[in-house]
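Here is a short briefing to read beside the model. Keep the 3D view open and follow along topic by topic.

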Amino acid sequence: MTKNVLITGITGQDGSYLAELLLDKGYKVYGLRRRTSIPMMENIEHIKNEIEFIEGDLLDQGSLMNAVRKSNPDEVYNLAAQSFVATSWEQPVLTGQATAIGVTNMLEAVRLTKPEARFYQASSSEMFGKVVETPQKESTPFYPRSPYGVAKVYGHWITVNYRESYDMYACSGILFNHESPRRGVEFVTRKVTDAVARIKMGLQNELRMGNLDAKRDWGFAGDYVKAMWLMLQQDKPDDYVISTGETHTVQELVEIAFGHAGLNWEEYVVIDQKFVRPAEVDLLLGDSTNAQKKLGWKLEVGFEELVKMMVDSDLAKIKAVSAN
């Protein structure tokens with residue numbers, strides 16, 4: 001019997017990989033998307049004809065209930081959010097509305113319309129912020145250091161609250177940084193690989209960066225969406241940390257990316273204070289032992305392979321544009 005799934009944020013990096021995975025598994029995929037004058041479809045261009053889109057917005061409860069009614073989902077993946085950390089200082093209210101209250105709106109829509117549907121909430125390692133222990137696991141206290149991190153903590157706990165209050169099958173995946181060629185260029189990994197490709201092709205002369213010493217636990221988004229799906233296949237709902245268990249500095253990212261293109265990073269990287277965050281998260285390192293044991297989840301793409309994949313993709317994009 002075909003399962004129905006509703007994915008919010010389907011045009012984003014995670015949404016596109018998740019949609020691919022579920023289509024391969026035979027799901028009927030519905031995607032919630034906001035009405036915009038120019039639809040952003042690049043990540044799902046190759047599968048858009050296999051997806052049924054429903055217009056809606058996390059800030060509009062009625063549209064979410066309509067989306068749940070139309071899709072009649074067995075599973076709901078709430079991936080939509082204002083997810084760029086730097087923007088959350090510039091637009092803290094919007095971030096709170098979309099990334100925090102939007103989760104409540106989605107949970108309410110499911111509770112009132114299809115309460116037996118299984119619900120996944122995209123939590124974030126940014127909730128740990130100024131970490132109180134390393135590595136971070138499911139029981140580690142949260143100490144967010146940005147409006148985005150604070151909003152994600154709300155989204156996480158409201159999901160737990162609905163699970164316990166209404167006996168809903170609701171899970172949160174506390175995903176550490178996960179990247180891919182489909183990452184937006186405003187994120188540091190893609191900012192670096194895109195700049196490397198442009199410098200290599202003579203379209204850019206320098207790369208301006210902030211804190212090169214910040215450490216992150218970076219994995220491949222294609223691996224991480226498999227963990228999302230596995231969470232909703234268990235007998236009981238629970239929350240899981242998804243991470244590589246390795247930490248790398250931004251400088252390592254820069255060195256690998258430039259080196260893969262045959263360039264010396266020190267000749268092109270300029271430190272610019274405007275890219276330093278008001279409150280920095282210095283070290284994020286996750287312990288995904290629980291997910292590996294209970295879900296049978298495992299990593300397939302390593303950090304260096306990921307960075308090289310992204311550089312190759314950005315080089316190919318620029319060459320394709322130049323050829324036209």
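A residue is called buried under 20% relative accessible area, exposed over 50%, and partly exposed in between, using a 1.4 Å probe and protein chains only. By that scale Glu-42 is exposed, with a relative accessible area of 62%. Please bear in mind that this is a predicted model, in which local features need pLDDT of at least 70 and side-chain atom pairs count only at pLDDT 80 or more, while totals for chains, interfaces and linings use all residues. Residues are numbered from 1 along each chain as its sequence is written, and side-chain values use heavy atoms, with hydrogens and water left out.

Helices (H or I, at least four residues) and strands (E, at least two) are DSSP runs, numbered from the N terminus.

**The main sheet**

- Seven strands make an open sheet with parallel pairing, in the order E3-E2-E1-E4-E5-E6-E11; two strands count as paired if DSSP finds at least two bridges between them.
- E3 and E11 are the edge strands, each pairing on one side only.
- On average, neighbouring strands in this sheet are turned by 25° against each other, direction ignored. Axes here are lines fitted to C-alpha atoms, for helices over the stretch in contact, and angles run from 0 to 180 degrees between N-to-C directions.
- Three bridges link E6 and E11 in the parallel sense, and Gly-173 stands opposite Tyr-240 in E11.

**Helices on the sheet**

- Helix H2 (residues 61-71) lies across E1, E2 and E3, and runs at about 155° to E3.
- H7 also packs on the sheet, where it touches strand E4 (75-78), E5, E6 and E11; its direction makes about 160° with that of E6.
- The buried residues of H2 are Ser-63, Leu-64, Met-65, Ala-67, Val-68 and Ser-71.
- Their cover includes E1, strand E2 (28-33), strand E3 (52-55) and helix H4 (92-113).
- After H2 comes Asn-72, with a positive phi near 45°.

**Nonpolar cores**

- A nonpolar core is a set of buried Ala, Val, Leu, Ile, Met, Phe, Trp, Tyr and Cys residues joined through side-chain atoms within 4.5 Å.
- The largest one has 40 residues, and those with the most contacts inside it are Ile-7, Leu-18, Leu-22, Val-29, Tyr-77, Tyr-120 and Ile-242.
- Among the elements that give it two or more residues are strand E1 (4-8), helix H1 (13-24), strand E5 (118-124) and helix H10 (303-323).
- H7 supplies the largest share of this core, eight residues.

**Helix H8 and its surroundings**

- Helix H8 (residues 250-260) has Val-250, Leu-253, Val-254, Ile-256, Ala-257 and Phe-258 as its buried residues.
- These pack against H6, strand E8 (207-209), strand E12 (248-249), strand E13 (269-271) and H10.
- Gly-262 follows H8 and has a positive phi, near 75°.

**A buried arginine**

- Arg-183 sits in the loop between strand E7 (178-179) and helix H6 (188-200), and it is buried, with a relative accessible area of 14%.
- Its side chain makes a polar contact of 2.9 Å with that of Glu-179. A polar contact is a pair of N or O atoms within 3.5 Å; within protein, one must be able to donate a hydrogen and the other to accept it, and residues adjacent in sequence count only if both atoms are side-chain atoms.
- Not counting residues up to four places away in sequence, Arg-183 touches Gln-13, His-178, Thr-189 and Arg-190.

**Salt bridges**

- The structure holds 15 salt bridges, each a side-chain nitrogen of Lys or Arg within 4 Å of a carboxyl oxygen of Asp or Glu.
- One of them joins the side chains of Lys-317 and Glu-42 (3.9 Å, N to O).
- Lys-317 belongs to helix H10 and Glu-42 to the loop between E2 and E3, so this pair ties together parts that are 275 residues apart in sequence.
- Lys-317 is partly exposed at 30% relative accessible area.
- Lys-48 and Glu-45 also meet through their side chains in a salt bridge (2.8 Å, N to O).

Definitions and conventions. Contact = heavy atoms within 4.5 Å.
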